[in-house]
Amino acid sequence: MANTNIKDLENKSKWLRKTCFEMLLSVKQGHPGSILSQIEILVSLYYGGIIKFFKNEPFHPEKDKIIISKGHAAMGLYPIFADIGYFGKKEIENFGKSDCILKLFGNISIPGIDCTSGSLGHGLGVGCGFALSAKRKNTKNKTFIVLSEGEMYEGSIWESALFASHNSLDNLIVILDRNRNIILGDTEDCLALEPIKDKWMSFGFHVETVDGHSIVDLIDTFNNLDKIKNKSKIIIANTTKGKGISFMENKPNWHYWNPLSEDLIKKARSELSTNE
Amino acid sequence: MSNFQRDVFINEIYDYAKENRNVFFISADFGAPALDKFRKNLPNQFIHSGISEQHMIDMAAGLALDGNHVYVYAMAPFISLRCLEQIKCSLAMMNLPVTILAVGVGLGYADAGPTHYLNEDISIMNSIVNLDISSPSDAISTRFIAEQTIKVPKLRYIRMERNNLENVYSSNFSFNKNGFEKIHQGENICILSYGYMLHKVLEAHERLSRENIKISVYDVISMKPLSSELIKDISKYEKIITVEEQTLNGGFGSLIINALSISGISSKKFKCLGLKEEYYFQNGGREFLLEESGLSSESIYNTIKNI
């Protein structure tokens with residue numbers, strides 16, 4: 001395991017949240033709600049020894065795959081990728097400038113991004129392709145997919161869920177970022193998704209439910225998944241949309257960026273450096 | 001051996017796949033005798049996606065991103081329009097080497113009704129960036145296209161005929177690389193078609209020949225990219241006729257007119273023949289519906305006589 005010191009990982013989460021906020025602020029657009037809810041998930045994967053990667057080698061054939069299926073949140077990976085040497089740290093500083101290689105949405109021209117995403121509901125299907133390819137070639141690569149619960153409304157997700165289950169793709173690990181909010185409000189008020197656990201179980205997935213902001217719970221759960229054979233896996237990570245910035249938390253209107261006063265910028269920075 | 005386009009194509013891919021473990025063939029529950037052999041002998045390279053065309057395309061993207069050469073196969077309307085966004089977002093935006101095999105284009109499934117017709121796919125698929133489009137007119141040109149997909153893997157949409165078609169080409173025919181063939185040489189009139197409708201055009205041509213009326217006939221196998229050589233070639237004619245089993249909005253005829261226009265050629269006389277702007281629910285079968293639409297060989301003959 002690369003790093004099991006929980007305090008270090010919590011500091012990494014603070015760093016990632018703060019970096020993402022500054023990137024969003026620099027371009028005054030993007031999707032803070034969804035980016036901030038998944039922070040501990042990404043930190044656990046990359047710094048908690050869960051996902052296999054090779055520093056400075058974004059195209060290493062033995063690395064695990066990752067798809068941020070909710071493509072509007074893919075930029076949460078950029079600071080991590082710069083940190084592990086997939087590209088230069090100046091790209092983060094230059095975010096939004098015309099010569100910067102990073103875009104608001106992830107695409108495969110960016111080292112480390114394994115699949116272009118943006119439109120909802122495609123990531124699980126592409127992930128099935130990755131996972132099946134690994135199975136048929138007897139390689140150990142795993143595929144991790146960060147799915148928004150909003151994608152559960154797309155029918156293609158359930159086509160892919162059927163397939164993953166039938167083909168016993170146990171190298172496919174889905175993390176459902178269950179932050180409850182879609183653009184017009186709480187999913188259960190707009191069009192109910194619950195019982196989410198039962199739905200995935202009935203499709204043959206091994207399902208775990210965790211506090212998606214608890215690094216300890218996330219890493220423990222990820223580690224235990226290795227024991228589960230012949231089943232695709234999904235972790236329902238209960239999260240808070242906009243986590244870490246009080247005026248964004250659970251506010252559907254912070255799905256997308258809004259203009260910020262100097263006072264609110266100061267408040268956000270202060271919360272990000274002192275919270276947790 | 002079967003002369004059906006689907007069997008000819010799959011047999012080529014079967015031979016290729018035997019030698020190359022990175023070749024995958026996915027079917028959304030659509031069959032063929034040649035596919036039975038593939039499934040039996042190469043089970044590790046065959047995938048049944050379920051009747052889930054959208055998933056099939058997304059999964060093909062994942063396989064292709066992992067370095068595989070992928071073929072996806074289903075009934076034509078469902079592997080095109082039903083999963084259009086998957087084709088755009090997962091295949092075209094990443095420009096992946098996946099071959100989309102669509103069987104039963106045009107009114108091939110006439111008795112099933114408009115859900116099973118594919119009367120608009122040229123217009124729609126032509127607008128997808130990075131996607132090449134081919135329409136073979138017989139088994140020999142199908143085999144040629146299959147070979148091309150093996151030699152030059154890229155994103156392609158192959159429109160195949162449901163029924164068995166007579167061969168237009170001899171088995172050792174050498175196709176030119178421009179994606180079109182001039183089958184007959186005429187004088188003032190040229191007629192362009194593809195696939196099933198090319199055979200109707202050839203019937204009309206035969207009757208005209210007997211009357212000593214000489215027209216040129218082109219088989220446009222590749223409609224995207226459309227050969228600039230073809231446009232140069234047909235610009236010499238006074239009259240240009242296109243014949244297709246599609247509605248005309250954005251169809252093959254409009255591609256030709258557009259290409260001529262871009263080349264600065266606008267003074268020609270055009271006639272585009274195609275399906276009417278309606279969904280056919282009548283019984284009577286494909287030939288009856290083509291006749292209703294003015295697309296029988298008799299109608300084509302009359303059009304040429306009167307132009």
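**Note on the interface of chains A and B**

1. The count between chain B and chain A is 13 residue pairs in polar contact, both residues at pLDDT 80 or more. A polar contact is a pair of N or O atoms within 3.5 Å; within protein, one must be able to donate a hydrogen and the other to accept it, and residues adjacent in sequence count only if both atoms are side-chain atoms.

2. This is a predicted model: local features need pLDDT of at least 70, side-chain atom pairs count only at pLDDT 80 or more, and totals for chains, interfaces and linings use all residues. Residues are numbered from 1 along each chain as its sequence is written, chains are lettered from A and ligands numbered from 1 in the order in which they are written, and side-chain values use heavy atoms, with hydrogens and water left out.

3. The rule finds 1 salt bridge across this interface. Lys65(A) pairs with Asp66(B), with the closest N and O atoms 3.1 Å apart. The cut-off is a side-chain nitrogen of Lys or Arg within 4 Å of a carboxyl oxygen of Asp or Glu.

4. In contact (heavy atoms within 4.5 Å) are 28 residues of chain B and 22 residues of chain A. H3(B) gives the largest share of chain B's side, 9 residues.

5. Look at H3(B) itself. Of its 13 residues, 12 are buried, meaning under 20% relative accessible area with a 1.4 Å probe, protein chains only. Among them are His55(B), Met56(B) and Leu63(B). Helices here are DSSP runs of H or I, at least four residues, numbered from the N terminus. Gly67(B) follows H3(B), and its phi is positive, near 95°.

Key. Helix = DSSP H or I, 4+ residues; strand = E, 2+ residues; numbered from the N terminus. Buried < 20%, exposed > 50% of the residue type's maximum accessible area, 1.4 Å probe, protein only.
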